[in-house]
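Subject: Handover of a structure

Dear colleague,

Please find the structure below, together with its sequence.

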Amino acid sequence: TTVLGAVDEFNLTCVSTPLAVVAEGLSYEPEGVRKGETWSRTIGQYGFDPTSGGRVRYECQGWVASNTVEEVAHGDGTTASFEVTSGPITVTWIWGDRRILAHYEANESDYGEVLVEGAEEPTAAGDIWLPSEGGTVRLTAVADEGYVFQGWTGDIEGFDDHAAAVTVPNDRVRTLTAVFVKATRVVSQDGFTARSY
């Protein structure tokens, strides 16, 4: 048998750990790479659990490229780049800092607001990313003048849904709405004032 030349094209496959997330620029389709060329890919900072409807996210912690024998390159950012020297190659994207999306809002923004303590800044109107491993968030419903807080609706299991200030565990994806209603006054004939809602 005569060998005319060494194989200089290899398969490259991307995988993710701890799960196959969906992220901008990330493809799990195998591709061909040639020995001596530089392979480079930039992906999004966040990857999302495909079964969560975009409500569970992970942050990219880096990547490792390896062949069947050893690691050939690694990095801690969202851009992987290395020279292909052998193959086949597997690029493993590493994901961590799991967060869940909670949504807290008022039934009408003109009636009151929900103050949030213990979470990141809201990412959109009422959307807040919370650490998924333990912890709590403190919500306070503050009524505007002429309105009163009536209670919470939504995923209210685990706390008093009639308390204006509540501590909510970061145990799952939640949607909570503070309900405010207009306060009305009724004056009785004997001069006493009663408030009804």
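The notes that follow describe what was found in it.

This is a predicted model, in which local features need pLDDT of at least 70 and side-chain atom pairs count only at pLDDT 80 or more, while totals for chains, interfaces and linings use all residues. Residues are numbered from 1 along each chain as its sequence is written, and side-chain values use heavy atoms, with hydrogens and water left out.

Overall composition. The chain has 16 strands and zero helices; both are DSSP runs numbered from the N terminus, helices being H or I of at least four residues and strands E of at least two. Of its 197 residues, 32% count as buried, that is, under 20% relative accessible area, with exposed meaning over 50% and partly exposed in between (1.4 Å probe, protein chains only). The chain exposes about 11300 Å², of which carbon and sulfur atoms supply 48%; the areas come from the Shrake-Rupley method with a 1.4 Å probe, and for residues only the protein chains shown count as cover. Among contacts (heavy atoms within 4.5 Å) between residues at least 6 apart in sequence, 61% join residues at least 24 apart.

The sheet of three strands. An open, antiparallel sheet is formed in the order β9-β11-β13, where two strands pair if DSSP finds at least two bridges between them. Its edge strands, β9 (112-117) and β13 (165-169), each pair on one side only. Five bridges connect β11 (residues 136-143) with β13, and Arg-138 faces Thr-167 of β13.

Asp-161 lies in the loop between β12 (147-154) and β13. Its C-alpha is 5.6 Å from that of Gly-151, although the two residues are ten apart in sequence. Beyond neighbours within four places in sequence, Asp-161 contacts Phe-149, Gly-151, Trp-152 and Ile-156.

Strands β3 and β7. These two strands run antiparallel and are joined by five bridges, β3 covering residues 38-42. Arg-41 stands opposite Ala-80 in β7.

His-103. This residue belongs to strand β8 (residues 89-106). His-103 counts as buried because its relative accessibility is 16%. Its side chain makes a polar contact with that of Glu-105 at 3.1 Å; such a contact is a pair of N or O atoms within 3.5 Å, and within protein one must be able to donate a hydrogen and the other to accept it, residues adjacent in sequence counting only if both atoms are side-chain atoms.

Yours sincerely
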